[in-house]
Amino acid sequence: MELLDQIRASIGDKYVVTRQDAQAWTRDWTDVYHWQPLAVTRPANTEEVQAIARACFAQNIAMVPVGGNTGLTGATKAQDAIMISLDRMNAIREIKPNAQVAIVESGAVLDSIHQAVDDHDLVFPLIFGARGSAMIGGNLSTNAGGSNVLRYGNTRDLCLGLEVVLADGQVMNLMSELRKDNTGLNLKHMFIGAEGTLGIITAAVLRLYRKPLAYVTAMVGLRQLEDALPLLNRLQNETGGGVEAFEFMPRRYIERHIEIISGADEPFEGAHEVNILVEVASTRASDLQPDESGTPKLQAILETALMDMISNDKAQDAVIAQNEAQRRSMWARREAAAEITVGFPGAVDTDVAVPLEAVPSFLKQMTARVQKIDPEGYEFYLSHLGDGNLHYTFYPSDRSGRFKEPITEAIEDVVLELQGSFSAEHGIGLSKRNSMARRKDPVALEMMRAIKTALDPKNLMNPGKVYPEPEAR
Amino acid sequence: MKVLVPVKRVIDYNVKVRVKADGSGVDLANVKMSMNPFDEIAVEQAIRLKEAGQADEVVAVSIGVKQNQETLRTALAMGADRAILVVATEDVHADIEPLAVAKILKAVIDEEQPGIVLAGKQAIDNDMNATGQMLAALTGWSQATFVSELDIQGDSALVTREVDGGLQTIKVSMPTIVTVDLRLNEPRYASLPNIMKAKKKPMDEKTPADLGVDIAPRLTIVSTGEPEARAAGIKVGSVDELVEKLKEVGAV
């Protein structure tokens, strides 16, 4: 085919992958969507991305950028499209330790960025389970969240600049390292979270933070979810805003984790309905200094606060990691979430956000509603409680799919009532497009479509994703 | 029976080790320190002996800097009854050599009269794997090293040792020095109430001089260096090319 030959001439034969060799790119991690791309192209640099875009633009062929392919919404489905894999553009071009920025190409795997900045005692605080495969371009395109949003914000907050190739092959250079730059509209924010529908992110300037010297990680057992926010606020107050993560796992999660993951164990002697993984961190050397009993200061602060809450019946029990291995095993429990929730056909999987105080109310209302729809069904959830993000999954009593719509609608109803969001950190892709049509403010949708049309008039960039068809409304 | 468990404070095994610029050792300033993982297994085993009614007191002992208190508190939080801290240096970078440690432990044994010593098989910082053996020589007790199973039967103990190529079961007479290996058990988490109780458990502080031991170093560290960086790999384009390259280096 003429297009492929043209691309081969630009980027080299072996980097245009088709048929059998493209197998890995015919499905994503969730295995919900399957497709056959025209070809997978693997450019080595921005110029090659431009060449691919120009060729596709001239022949009106759709383009789907792809990174680690770990998304959860089907946003990389690329039927009869040219996939543009950024995997070869994985250079970490520069780390500026004093300015605390990193300049990276969009195919850099998140974990490789973590390792590279660690050498400078810095962190790039975007942390989630798929970090060993997910690439920064995809993280930016979905505005990924994760476990440290509470302290450092989501990917949008960690990005200072971008380089983007537009549908027609033009490069937009927004590679600013500036903290202040009020020169008109801040266009980079349009591409962050656009899921590849406006252009292809090829490079980024990332914001880094000083690596904490001391971490204290604990699991806390609570009787009820209403006790969680007072716990978070108390720990924030006593550590000067040092809480890095505040994750909620209900009893059911603990049980299922033990059932599925070999070697997993109970976190506490007794069982607790509400299990919180909390991590506090500090960059101050003085927080490492031992008190008279030999306990480092930061840990002593946490111990005292937690013990006081236990004594006053505001918490039930707590365990504190005594070393890095125990800390990692506490995190492994939380990060196994994806492995222990996927793989149930017909399950309704959601990623919602509600105001912090509304989480208990959301769960109570959901339980009441799903009981009316499918009393034999099974609720399963966990939450980045510190930022109000819940992953609520419903496993219906049968696999017919007949409960999918009513359950989804019920979730959306409750979310809307509580002024929440039906997609907190995973994005829209294909799987949330109906929700967009039903629930997003119509004027906002119209403006989004106007922006899409302005940047991608031929609708070639990841078409069919994010924006619902106008007639679907 | 009393159990004595020596515990060492070492650089946390998940921390990336950095060599000091002058090559004189590993940089330990502001680095996460934890109980030597093998010692943690020894503490766990001691507590299990107590829980099983085979021991009535677990005494943890640590030799090093004042900050070793933290390591001992961890042992106490796990369930040890009391602790002995032997402050042998003020410098976190000073490593007390195995013979000096063994002599200090010998003096502690003379005072405490334990029925068994449970120690880690080695410390992960200098990997000496010597203290337990030296202690057995100094006390004249039996020794069982690299232990993955322990069964105390009155005045003797049946132990399984992890040796090259398999497992070896031996019977040793009590009292004995046991150095434990990785597979003996899975140490428990320290619960907060136990951590708080541990702060109130007794901790005796001594010096090597109190115990009549000279800890002057006998070894000289000539240099400390980073491991050689691994050579970069290459990417091959096809299976044929892979086979060809493997043949080139004589791997197939």
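This is a predicted model: local features need pLDDT of at least 70, side-chain atom pairs count only at pLDDT 80 or more; totals for chains, interfaces and linings use all residues.
Mentor: Helices (H or I, at least four residues) and strands (E, at least two) are DSSP runs, numbered from the N terminus. Residues are numbered from 1 along each chain as its sequence is written, while chains are lettered from A and ligands numbered from 1 in the order in which they are written.

Trainee: How far apart along helix 8 of chain A are A:E255 and A:R251, in helical turns?

Mentor: These two form a salt bridge (side-chain nitrogen of Lys or Arg within 4 Å of a carboxyl oxygen of Asp or Glu), with the closest N and O atoms 3.2 Å apart. They sit four residues apart in helix 8 (residues 251–260), so their separation is about one helical turn.

Trainee: What is the mean pLDDT of chain B?

Mentor: For the model as a whole, ipTM is 0.84 and pTM is 0.85. In chain B, 100% of the residues reach 70 or more, and the mean pLDDT is 94.

Trainee: Which residues of chain B lose the most area to chain A?

Mentor: Start with the contact (heavy atoms within 4.5 Å): chain A gives 29 residues and chain B gives 23. The chains bury about 2500 Å² between them, 50% of it on carbon and sulfur atoms; buried area is the accessible area (1.4 Å probe) that two parts lose on being put together, summed over both. Three residues together make up 28% of what the chain B side buries: B:N30, B:Y189 and B:L192.

Trainee: Which residue of chain B forms a salt bridge with A:D121?

Mentor: Three salt bridges are counted between chain B and chain A. In the one made by A:D121, the closest N and O atoms are 3.1 Å apart, and the partner is B:R18.

Trainee: Which residue takes a positive phi in the hairpin of strand 8 and strand 9 of chain B?

Mentor: Strand 8 (residues 156–163) and strand 9 (residues 166–173) run antiparallel, joined by eight bridges. B:V159 stands opposite B:I170 in strand 9 of chain B. Two residues lie between the strands, and a positive phi near 80° belongs to B:G165.

Trainee: Which residue in the turn between strand 5 and strand 6 of chain A has a positive phi?

Mentor: Strand 5 (residues 92–96) and strand 6 (residues 101–105) of chain A are antiparallel and share four bridges. A:I95 faces A:A102 in strand 6 of chain A. The hairpin has four residues between its strands, and the positive phi, about 55°, is that of A:Q100.

Trainee: What is the phi of A:N60?

Mentor: A:N60 lies in the loop between helix 2 (46–58) and strand 3 (63–66) of chain A. Most residues other than glycine have a negative phi. For A:N60, phi is positive, near 55°.

Trainee: What is omega for the peptide bond that joins B:M174 and B:P175?

Mentor: B:P175 is in the loop between strand 9 and strand 10 (176–180) of chain B. Most peptide bonds are trans. The bond between B:M174 and B:P175 is cis, with omega about -5°.

Key:
Side-chain values use heavy atoms; hydrogens and water are left out. pLDDT is the predictor's confidence in each residue, from 0 to 100. Two strands pair if DSSP finds at least two bridges between them.
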